[in-house]
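The structure comes first, and the notes follow.

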Amino acid sequence: MIDRATIDRIMDATNIVDVVSDFVTLKKRGINYIGLCPFHNDTHPSFSVSPSRGICHCFTCGKGGNAVNFLMELENLSYPDALRWLARKYNIEIHEKELTAEEKKEEGDREAMFLVNEWALKYFENILHNDVDGIAIGLQYFRSRGFRDDTIKKFHLGYALQDRHAMSDAALKAGYKEEYLIKTGLCYKRENGELIDRFAGRVIFPWFSLSGKVVGFNGRVLDSRTHGVMQKYVNSPDSEIYHKGNELFGLNQAKQAIRKADSVILVEGQADVISMSQSTVENVVAGSGTALTVNQVRKLHRFTNNITLIYDGDDAGVNAALRNSDLIHGEGMNVSVLFLPDGQDPDDFAKSHTPEELQEFIANNSTDSIIFRINRTLDGVTDPIKRSQAINAIIDSIAIIKDPILRDTYIRECAQRTGVPETTLIGQMNRAIRRSMDDRQKQQAREQRQESQSIQTGTATPQPQQPDVPSASGAQPSSPKSQQSTPNSQPSPNSTFNTPHSTFNKVESMLIEAVIRHGNEIIFRDVQNEATGEKVNLTVAQYVAYDLGLDNLSFTAPIYNTILQEAVEHSADPSWVSLTYFTHHPDINISTIASQMGADKFQLSESLQVKTSEESLRSSVMHIILDFRLNYVKRHLKDLRTELLSTKDSSRMMEIMAEIKKMQEVRNILAQKLGSDIVV
């Protein structure tokens, strides 16, 4: 468990722009930064990052939080792992206390799988560089492929010994459980119960997440005589931490180069990535040996709007390039294609040319994918029916493009090349767009019907457990742990980040939001203390606590009471800033609530932003407190009426009726002050 002092150092050192920039390309706009939201299919930048507040927020999907929340959601990390990620980034030494046996048992499968993969990475690397067979077979193979030693270390390449029990024996001896060796796919079991190393006798290519965690491995067999009976490449199977359709080889190493070049190159193989990176073309990634997926494209779209596909020049390569171009255009990216000469792949081409020649060739020979499709599809086609089919295929691809101006440009180009009037092509394109919309609507209807059926049959996927934050009624979850407020409480990474405070008691949320945003700001000056006679200034937090304390009122959500109490305790410090304090709070539940409440609901330019005056803030806080009191009185009246219906004691009935009358009078006074109408 990470101690409180270490958490404070991590949060103090963390720069939200610095962290988000590792995953999203940001551009400065006014005092904030904007980029494409990584949490939904964003086509126009709607993800805002505020360096002054230390929070980020999407104005479309509503997700937002501080740096820890961001990492937890994006990389599906636990709270301590997100802190460790930040500590590594800022070179902060972590001080931890030993976990109890119960706490160790509660460590999730995901964390255990990441730990096993991290150990395996070091094991494979150690074998490659220090074992006799690793050096003679694995390292020699990589060097024969032209990979320099610094490149081998950059991509953390490794080697697995021929012995099919060597790695698993070493892992078990090091204390790693067989269960996780199997779950990660490092090993599998035969029917007789024998544990077998999946990658035995292969050179190893590790796959990393954007945050640098090892998610899986790819192993290549070396002996050409075994190609007929063994797969040339073996991947880690899909698991909780690795999905082939989501990952891109080399992206962790290439993300900074992609951002700098504002362009990414997509190739087919891992060796292509390594050779091109070694030749100083570092903004290059590869798929996972399967068809390109929407999730992979969206991951690239976070960093750039421009992508170049480099494939083999044979029919299979051309068809793959055209197919993937449509997929990428559908996500709003610009696509170019490049086919290398003489049947070479990027690996061969990079080795046979200097870095300068490689970069020059890519720059001068890339072709816009739609222009390439027009040239390729119509070249030599004279038969009217085939020509019509070819033009329709081109129009279908243009219809996928979301930018209307870009579509118009391609339609004009197509009209010039084919001689077909623009109006005819536009009409055909509009029909294609309508077909696509109809197909999407039908698909959505099918999904809704399936979801409805699954709910009726009881097969719906269970929802993730909610974090330890107040429910809509303001009550805490029933679990005993929900009452705890510790720096290392570990709510679900998917739930803490996006629990909208609007689902809590609305008036309470408005009042605690005022405390979080403005708790340190003075709204009453020179107020005389009746006990001491001295004059004092009251901050928002102090006034809220004072006013509620007059009638011994409190929030129904315990975590809100904790926030108010801490705000009052720190209000005496003139340098204390409530929003910064709470968004960087070591309790993840408090920092999550503060990050959500501290995010502006609308993004205004700096010239349109209005500063809150002391008078307007005072008026707003007093109004919300009146709302709070009215809300309390209404709840109390409801409880009294419920009790009145159930009681049989006549004396108690008289007491309740008197209390109801008193509460109605209070309610009417409060409503009059608020300008509300009471309907009985």
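## A buried aromatic pair

Phe-142 has a relative accessibility of 0%, so Phe-142 counts as buried. Phe-205, at 3% relative accessibility, counts as buried too. These values come from a predicted model.

A search of the whole structure finds 25 aromatic pairs. In the pair made by Phe-142 and Phe-205, the ring centres are 5.8 Å apart and the planes stand at 90 degrees, so the pair is edge-to-face. Phe-142 belongs to helix α7 (residues 132-144) and Phe-205 to strand β9 (residues 202-208), so the contact ties together parts that are 63 residues apart in sequence.

## The aromatic cluster

Both rings are also members of one aromatic cluster, formed by Tyr-141, Phe-142, Phe-147, Phe-155, Phe-205, Trp-207, Tyr-242 and Phe-249.

## Charges over rings

Two contacts between a charged side chain and a ring are listed here. Lys-213 lies over the face of Phe-114, at 4.7 Å from the ring centre. The charged end of Arg-618 is placed over the ring of Phe-524, at 5.7 Å from the centre of that ring.

## Helix α26

Helix α26 spans residues 588-598 and is mostly covered, with 11 of its 11 residues buried.

The N-terminal end of α26 is capped by Asp-587, which has a side-chain oxygen 2.9 Å from the backbone nitrogen of Asn-589.

Technical notes
Residues numbered from 1 in each chain as written. Predicted model: local features only at pLDDT ≥ 70, side-chain atom pairs only at ≥ 80, totals over all residues. Heavy atoms only, no water. Buried < 20%, exposed > 50% of the residue type's maximum accessible area, 1.4 Å probe, protein only. Helix = DSSP H or I, 4+ residues; strand = E, 2+ residues; numbered from the N terminus. Polar contact = N/O pair within 3.5 Å; in protein donor to acceptor, adjacent residues only side chain to side chain. Phe/Tyr/Trp six-rings, centres within 6.5 Å; stacked < 30°, edge-to-face > 60°. Lys NZ or Arg CZ within 6 Å of the ring centre and 35° of its normal.
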